[in-house]
Amino acid sequence: MPPRRRGSSGFRGVRVRPSGRFYAEIRAGGIRLTLGTYNTPELAARAYDAAAWRFRRPRRDMNFPDVESLEEAEFLAPAPCLLDDEDRRRHRQVQRRIAIAEHDEQLMRQWRAQFPNDVDNTDAFFADLRAQRRSNRRHRRAVAEFELENPNTTWAENDPRWDDIWTETTSDDE
């Protein structure tokens, strides 16, 4: 997979707001986690890197690959700007979401290491499911073609099964 493109700010995970401030976010498990709004793109990028370290992302996904540890990244990351109770509530919510996503990723790593056969079984399950669907498509198409050639068909003109004649089948289906 090609590396994600860096935005107009020049940093991964950082966007420019219309106000001129910089917004940092990170994606984890299909969820977008907001990290805050900062005055400079470098501060937002530092916040992104601290979160990326927590999620154990590879160094190539970092904005500052010279940082050696999670502790150093968190030390260099700015504290979020918490002005009122609403900001504090949102910050606690974000921290909980990050902790949950971090825990989920850790559990998935443990599960994959402990049960590698389940990962293989999952791949085999979906391969079988695709094969069954291809077989069902071929069968429905064959039935529809037979009914088209049969002059005594019992299907009405507007029967949706006629659409199966046009069902795409690839050379893999043959």
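Strand β1 and strand β2 (residues 22-28) run antiparallel and are joined by three bridges; two strands are taken as paired if DSSP finds at least two bridges between them. Within this pairing, Arg-15 has Tyr-23 of β2 as its bridge partner. Helices (H or I, at least four residues) and strands (E, at least two) are DSSP runs numbered from the N terminus. The model is predicted, so that local features need pLDDT of at least 70 and side-chain atom pairs count only at pLDDT 80 or more, whereas totals for chains, interfaces and linings use all residues. Residues are numbered from 1 along each chain as its sequence is written, and side-chain values use heavy atoms, with hydrogens and water left out.

The two strands belong to an open sheet of three strands in the order β1-β2-β3, with antiparallel pairing. Its edge strands, each pairing on one side only, are β1 (14-16) and β3 (31-38). On average, neighbouring strands of the sheet are turned by 30° against each other, direction ignored. Axes are lines fitted to C-alpha atoms, for helices over the stretch in contact, and angles run from 0 to 180 degrees between N-to-C directions.

Two helices lie across strands of the sheet. Helix α1 (residues 41-54) lies across β1, β2 and β3 and runs at about 15° to β2. Helix α3 (residues 85-114) lies across β2 and β3, running at about 140° to β3. Helix α3 has 30 residues and reaches 43 Å from its first C-alpha to its last, close to the 44 Å expected at 1.5 Å a residue; the expected span is 1.5 Å times one less than the number of residues. Asp-87, Val-94, Ile-98 and Ala-101 of α3 are buried (under 20% relative accessible area; exposed is over 50% and partly exposed in between, with a 1.4 Å probe and protein chains only). The cover over the buried residues of α3 includes β2, β3 and α1.

The axes of α3 and helix α4 (residues 116-149) come within 4 Å and cross at roughly 90°. Helix α3 is therefore roughly perpendicular to α4, a term for angles of 65 to 115 degrees. At this crossing, Trp-111, Arg-112, Ala-113 and Gln-114 in α3 meet Pro-116, Asp-118 and Val-119 in α4, contact meaning heavy atoms within 4.5 Å.

Leu-148 lies in helix α4 and is exposed, with a relative accessible area of 55%. Leaving aside neighbours within four places in sequence, Leu-148 is in contact with Trp-162 and Ile-165. The C-alpha atoms of Leu-148 and Trp-162, 14 residues apart along the chain, are separated by 8.2 Å.

How values were computed:
Parallel < 35°, antiparallel > 145°, perpendicular 65-115°, else oblique.
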